[in-house]
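Here's a quick briefing to read with the model open beside you. Take a look at the fold, then work through the notes below.

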Amino acid sequence: MHGLVIRNTGSWYTVAADDGTVWDAKVKGNFRIKGIRSTNPVAIGDKVEFNPMPDHTALITAIDDRTNYVIRKSTNLSKQSHIIAANVDQSFLIVTLRQPETATTFIDRFLASAEAYRIPVVLVFNKVDILDADDRQLLQGMVDLYETVGYQCRCVSALTGEGMDEIHQMLKGKTTLLSGNSGVGKSTLINALFPDLNLRTSEVSDAYNTGKHTTTFSEMYPIEDGGYIIDTPGIKGFGTFDMEREEVGHYFKEIFRFSSQCRFNNCTHTHEPGCAVLEAVERRDISLSRYNSYLSMLDDKEEDKYRKGY
C-alpha cells in the first residue's frame, strides 16, 4: 500500500493511505536514505510504501524520492542529522522580537539550510501587538534587511488577527512547514487560522523568557482549500548539517552575489586580499549580522558547537 506520513511521535509514524485509511506504522529494519545518517529515516511529508500487519499496524518498507527536505544536526548525536520535514512547497519561519527574542543567527542558519534545498521561506514576525515604539522601529529594520536580501516578510499578531488574512491566503493549496523557536506562537497562530484543529498552547516561561514545548512531535494537518500545514516542536538551536565549508557562502544570497567579484575563486571571505564580500561588509552592503552568521556557520566543524542555543 502507499500513503503519506502525517505524524511522527519518535517511535511510531501515522500514515494516511491513498485509499483513505489511517495506519500506525513502524519502519522495517534499519535502513538509511541515500547515505543520509539520520535519527529519523522517515520524516513528516514522506510518501511511503507499507505493508499491513496482522495486528492492524503497518510496516514501512520504502520511501518515494523526495523533492526536498529541511534538515539540521541532531541535538543528541553530533554526526547524525534530524530531518524536520520532507516534500514541502514553502516554509514559514515564525519569529518574535520579544517573549522570546529570536536571534538573527538562528534565522540566518534556517534560511541558509532552506536555501541549500531550494525551499522558499517566508519570515513571519509574530506578536507584533506587544511591541512598543522602539521595538517597532527594530522590527522595521529587520523587515527591511531581509526583504533587501530577497525574503518575503509578514508582520502578524495571532491574538489580534493583524495580518492573518494574508497568511491564510498564502497557505492555500501548498504544503507549508511552520518552524521556529519554542514560544514564538506557532500553535497559537495555527489555531487562529484553523480553529477546528484546537492545538494545545502554553505561556512563555517568565523565568527564562523562552517557550515551553507544547508541540512534542511533528504533525501534518490537511487544511481547507487544499494543502497541508506541518507543525513541529520548537527548536532552540539550528546546527547546519551536510554543508561543506566552501559551500556556506552560496546559501547567503547577498554573499553569493558579491563573491563573483572576489579575486580568488576559493575565497573564504574572511581574510583574503581582493575579497569583494569583505569590502561589501565594510560598505554595509552586506549587514554585519548576516556576515557574523556566515562566520558562525564556518565554525560549525567545532565539536558540539551546534548544541548551543543560537
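**A buried histidine, and what else to look at**

His269 sits in the loop between helix 5 (253-259) and helix 6; helices (H or I, at least four residues) and strands (E, at least two) are DSSP runs, numbered from the N terminus. This is a predicted model, so local features need pLDDT of at least 70 and side-chain atom pairs count only at pLDDT 80 or more, while totals for chains, interfaces and linings use all residues. Residues are numbered from 1 along each chain as its sequence is written, and side-chain values use heavy atoms, with hydrogens and water left out.

**His269 and its neighbours**

- With 6% relative accessibility, His269 counts as buried (buried is under 20% relative accessible area, exposed over 50%, partly exposed in between, with a 1.4 Å probe and protein chains only).
- Not counting residues up to four places away in sequence, His269 touches Ile255, Ser259, Cys262, Cys275, Val277, Leu278, Tyr291 and Tyr294; contact here means heavy atoms within 4.5 Å.

**The chain overall**

- You'll find 7 helices and 15 strands in the chain.
- Of the 310 residues, 52% are buried.
- Take the contacts between residues at least 6 apart in sequence: 65% of them join residues at least 24 apart.

**Helix 1 against helix 7**

- Two packed helices are described by the angle between their axes and the distance between the axes.
- Helix 1 (residues 104-116) packs on helix 7 (residues 288-298) at an angle of about 65 degrees, and the axes are 9 Å apart; axes are lines fitted to C-alpha atoms, for helices over the stretch in contact, and angles run from 0 to 180 degrees between N-to-C directions.
- That makes helix 1 roughly perpendicular to helix 7 (under 35 degrees is roughly parallel, over 145 roughly antiparallel, 65 to 115 roughly perpendicular and the rest oblique).
- On the helix 1 side, Thr104, Thr105, Asp108, Arg109, Leu111 and Ala112 meet Ser289, Arg290, Ser293, Ser296 and Met297 of helix 7.

**Helix 4, mostly covered**

- In helix 4 (residues 186-193), 6 of the 8 residues are buried.
- Those buried residues are Lys186, Ser187, Leu189, Ile190, Asn191 and Leu193.
- Their cover includes strand 8, strand 9, helix 3 (164-171), strand 11 (175-180) and strand 15 (228-231).

- Most residues other than glycine have a negative phi, and most peptide bonds are trans.
- The peptide bond from Gln99 to Pro100 is cis, with omega near -5 degrees, and Pro100 is in the loop between strand 8 (90-95) and helix 1.
- Lys127 isn't a glycine, yet has a positive phi of about 65 degrees; look for Lys127 in the loop between strand 9 (121-125) and helix 2 (133-149).
- Lys127 counts as buried, at 16% relative accessibility.
- Arg284, in the loop between helix 6 (276-282) and helix 7, also has a positive phi, near 70 degrees, but is exposed, with a relative accessible area of 55%.

**Arg98 links two loops**

- Arg98 is in the loop between strand 8 and helix 1 and counts as partly exposed at 31% relative accessibility.
- Leaving aside neighbours within four places in sequence, Arg98 is in contact with Lys127, Ile130, Leu131 and Asp135.
- The C-alpha atoms of Arg98 and Val128 are separated by 8.8 Å, and the two residues are 30 apart along the chain.
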